[in-house]
Amino acid sequence: MDEDVSFSEIRDSVRRLCAKFPGPYWRALDRERAYPREFVAQLTAQGFLGVLIPETYGGSGLGLGAGIAVLEEIHRSGCNGGAAHAQMYTMGTLLRHGSEDQKRRFLPEIAAGRLRLQAFGVTEPTSGTDTTRIQTFARKVGDHYVVNGQKIWISRTEHSDLLLLLARTTARSDVEKPTDGMSVFLVDLAQSVGKGLTIRPIRTMINHATTELFFDDLKVPAENLIGREGNGFRYILDGMNAERILIASECIGDGKFFIDRASAYARDRSVFGRPIGENQGVQFPIARAHVQVSAAEEMVKKAAALFDAGSACGTEANMAKLLASEASWFAADMCVQTHGGFGFAEEFDIERKFRETRLYQVAPISTNLILSHVATHVLGLPKSF
């Protein structure tokens with residue numbers, strides 16, 4: 001993909017690709033909770049999953065703005081980027097903090113599609129969003145680390161070659177700051193499953209390939225440590241900020257999908273001898289959804305611009321994710337209401353997208369945690385926890 005290609009051309013290309021994967025494709029996968037292998041293969045082959053990887057390593061080097069264009073159009077087209085989006089946001093940690101050897105070893109393989117970096121191992125059953133209290137521990141033994149612990153809500157592990165893992169290397173009680181003493185590792189899943197790593201699928205209301213991971217004396221080569229031991233929390237923030245911005249763009253795409261579908265239905269559906277879209281009770285919620293999605297989209301663009309410039313963007317990334325997730329959820333509810341009973345019919349794809357977009361007020365960070373961040377970091381209010 002040429003570096004001079006405009007984002008509008010990227011959007012056009014993504015739409016053409018998505019047209020090959022219409023509703024029936026996603027409905028069949030949803031029923032079976034199956035992974036969209038063909039869809040991900042096409043995204044990879046056309047270079048869309050390598051937009052954040054520098055050209056030096058075989059990618060496009062186009063920045064987060066290009067990633068937003070890709071994921072938004074995937075979701076607006078009725079498809080789902082959740083099967084592949086981690087390959088974009090995990091790049092923030094590897095690109096900014098990985099060694100040159102690690103970049104040359106992994107990035108060209110990822111860009112070419114020979115390796116998938118789709119899994120991000122942070123959350124644990126007992127810590128939830130309080131990342132500083134994770135208990136998975138990596139102990140240095142000679143030229144490798146021995147990992148023990150558990151992770152939950154880790155998506156796509158069964159469909160990835162590499163896992164970006166956050167683990168403690170120093171106990172929380174032995175560090176000055178709670179955020180110290182954590183480290184990041186690249187785990188080769190093919191070399192780990194059955195040799196200290198057990199993957200257990202979790203069936204959920206959406207087809208997100210979610211799993212629980214169990215580590216029992218898993219050996220990870222010391223050369224797979226990213227950056228310096230103990231600084232891992234700072235490193236994953238780059239990945240987390242990218243994650244929130246990119247997922248916010250998926251919400252924008254979802255919102256536009258619902259608005260497109262509702263507008264078309266309201267124009268065409270006639271009841272009592274006229275289109276239902278003539279009724280203000282129908283058209284006003286559609287218009288409000290458009291206003292909310294448009295406003296959230298501007299926040300997403302601002303956050304992405306700050307990230308690409310290397311500027312602090314934690315607050316903006318959080319606010320973009322909150323605004324976009326709430327706008328998409330309002331649009332989803334509006335779309336179901338506009339369609340009435342047909343909104344619940346599987347063949348319309350609205351109920352599937354309705355379920356999918358609901359996730360984003362919970363993950364990757366809940367709405368309440370974002371509000372807490374803004375209250376304490378921006379408004380100077382005392383911490384509530």
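Author: Two strands pair if DSSP finds at least two bridges between them, and the elements themselves are DSSP runs numbered from the N terminus, with helices being H or I of at least four residues and strands being E of at least two. This is a predicted model, in which local features need pLDDT of at least 70 and side-chain atom pairs count only at pLDDT 80 or more, while totals for chains, interfaces and linings use all residues. Residues are numbered from 1 along each chain as its sequence is written, and side-chain values use heavy atoms, with hydrogens and water left out.

Reader: Which residue of strand 7 does R200 stand opposite?

Author: R200 stands opposite E212 in strand 7. Strand 6 (residues 197–201) and strand 7 run antiparallel and are joined by 5 bridges.

Reader: And how many bridges join strand 3 to strand 7?

Author: There are 10 bridges between strand 3 (residues 144–155) and strand 7 (residues 210–221), again in an antiparallel arrangement, and I154 has T211 as its bridge partner in strand 7.

Reader: Changing topic, where is T169, and is it buried or exposed?

Author: T169 sits in the loop between strand 4 (162–168) and strand 5 (182–188). T169 counts as buried because its relative accessible area is 11%, where buried means under 20%, exposed over 50% and partly exposed in between, using a 1.4 Å probe and protein chains only.

Reader: What does T169 touch?

Author: Leaving out residues up to four places away in sequence, T169 touches several residues, including F137, Y145, F185 and E229; contact here means heavy atoms within 4.5 Å.

Reader: Now the charged pairs: how many salt bridges does a search of the whole structure find?

Author: The search finds 25, counting a side-chain nitrogen of Lys or Arg within 4 Å of a carboxyl oxygen of Asp or Glu. In one of them, R27 and D349 have their closest N and O atoms 2.8 Å apart. That pair links distant parts of the chain, since R27 is in helix 2 (residues 23–32) and D349 is in the loop between helix 10 (314–339) and helix 11 (350–358), 322 residues apart. Both R27 and D349 are buried.

Reader: What about R15 and D12, how far apart are they in helix 1?

Author: R15 and D12 are 3 residues apart in helix 1 (residues 7–18), so about one helical turn separates them, and their side chains meet in a salt bridge of 2.2 Å, N to O. R15 is partly exposed at 36% relative accessibility, and D12 is partly exposed at 31%.
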